[in-house]
Amino acid sequence: MATTAPPPSASHDLSGVTKTLDLLAPRWSVWVLMTLSSQTLRYAEIKPRLPWLADGQLHPRLRHLASAGVVERTEYAPRHVTYGLTSRGAALMPVLATIASWGDTYLEKDLVANKATGEMEPERIPPAQNIDDALALIVPRHATPILWSLQTRGSAAAKSLATEAMPGYGLTAVYKPLERLAEDGLITANGSGDYQLSASGRALSPVFQAISAWAAAPPAATDARRPRGQGLAPSQNRSGPWATTPSRRPAPASPAAPVGRAAGPALTTASPNGPAWKAGDLFSHQIPARPISPTGGPRR
């Protein structure tokens, strides 16, 4: 069993990653960020693009993202308020692209009939839905610390994981999150009872790299309002073990494009390891669907 201790910077990196996941986790936060990724919009322009949000849901999401420093609210007059990404919010777009790429590659897909050929093929999942489904696997409490610890150690017994990833909890508390991660296909248990990352769990490395780099970027470098049409590249400052960490929700139906406007928001930035997204990608899946592996991927 590997017993490598985490480097001194690991706990700082893990804290930044978990805080970023907490920022992205509330439902619809990712969809709002992607809607604002191409241009600044007024509330009345955002709402039709996210028509499935019930009344009273959009304002809390905007306040949450503005408080986190990734969305800027600008009031020109009492009835003229706009919302747009800050530079720090724009720098999140490549991070979201990396998460969506992992979800598209590793999360299970149902087989559906191709409307043109009738042949069965993996369903096409909107990138924003892939992001939400990926976050649903790694956001639950203790999930990321356990994955982080296994990346450092290679393999570990439940007792070691309880001590390192769940300090202050008893040994028995670690088994429920371990069971959930195993059911989700991110970890496996070997013959000796030790746990290790599965192939899909190891493939989360670029996801945690991207999140860690964004979280570690000096605020002064990314907190200014971005110039129109531009965004900052994510920080290349990397450290920690990943840089150096449920059932599918039904995807909302695609809304009709507002009259006189382009169909759907665009993501104008992309990770070097992620997909290149075009207009409309929020609602229609442009990443080629990959065949489902014989053993299946992590469940959605």
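A217 is buried, with a relative accessible area of 7% (buried means under 20% relative accessible area, exposed over 50%, partly exposed in between; 1.4 Å probe, protein chains only). The model is predicted: local features need pLDDT of at least 70, side-chain atom pairs count only at pLDDT 80 or more, and totals for chains, interfaces and linings use all residues. Residues are numbered from 1 along each chain as its sequence is written, and side-chain values use heavy atoms, with hydrogens and water left out.

**Around A217**

- A217 sits in the loop that links α12 (205-216) and α13 (219-222). Helices (H or I, at least four residues) and strands (E, at least two) are DSSP runs, numbered from the N terminus.
- R88 is 129 residues from A217 in sequence. In space, their C-alpha atoms are 9.1 Å apart.

**The sheet**

- An open sheet is built from 3 strands, in the order β6-β8-β7. Its pairing is antiparallel; two strands pair if DSSP finds at least two bridges between them.
- β6 (155-156) and β7 (187-189) are the edge strands. Each has a single partner strand, so one side of each has no neighbour in the sheet.
- β7 and β8 (residues 195-197) run antiparallel and are joined by 3 bridges.
- I187 has L197 in β8 as its bridge partner.

**Salt bridges**

- Side chains of opposite charge can pair when their charged atoms come close.
- The whole structure contains 3 salt bridges. The criterion is a side-chain nitrogen of Lys or Arg within 4 Å of a carboxyl oxygen of Asp or Glu.
- E164 and R153 meet through their side chains at 2.8 Å, N to O. E164 belongs to helix α9 (residues 158-165) and R153 to helix α8 (residues 143-153), so the pair ties together parts that are 11 residues apart in sequence.
- E75 and R73 form a salt bridge at 3.3 Å, N to O. E75 is partly exposed, with a relative accessible area of 47%. R73 is also partly exposed, at 45%.
- D104 forms a salt bridge with K109. Their closest N and O atoms are 3.9 Å apart. Both residues, D104 and K109, are buried.
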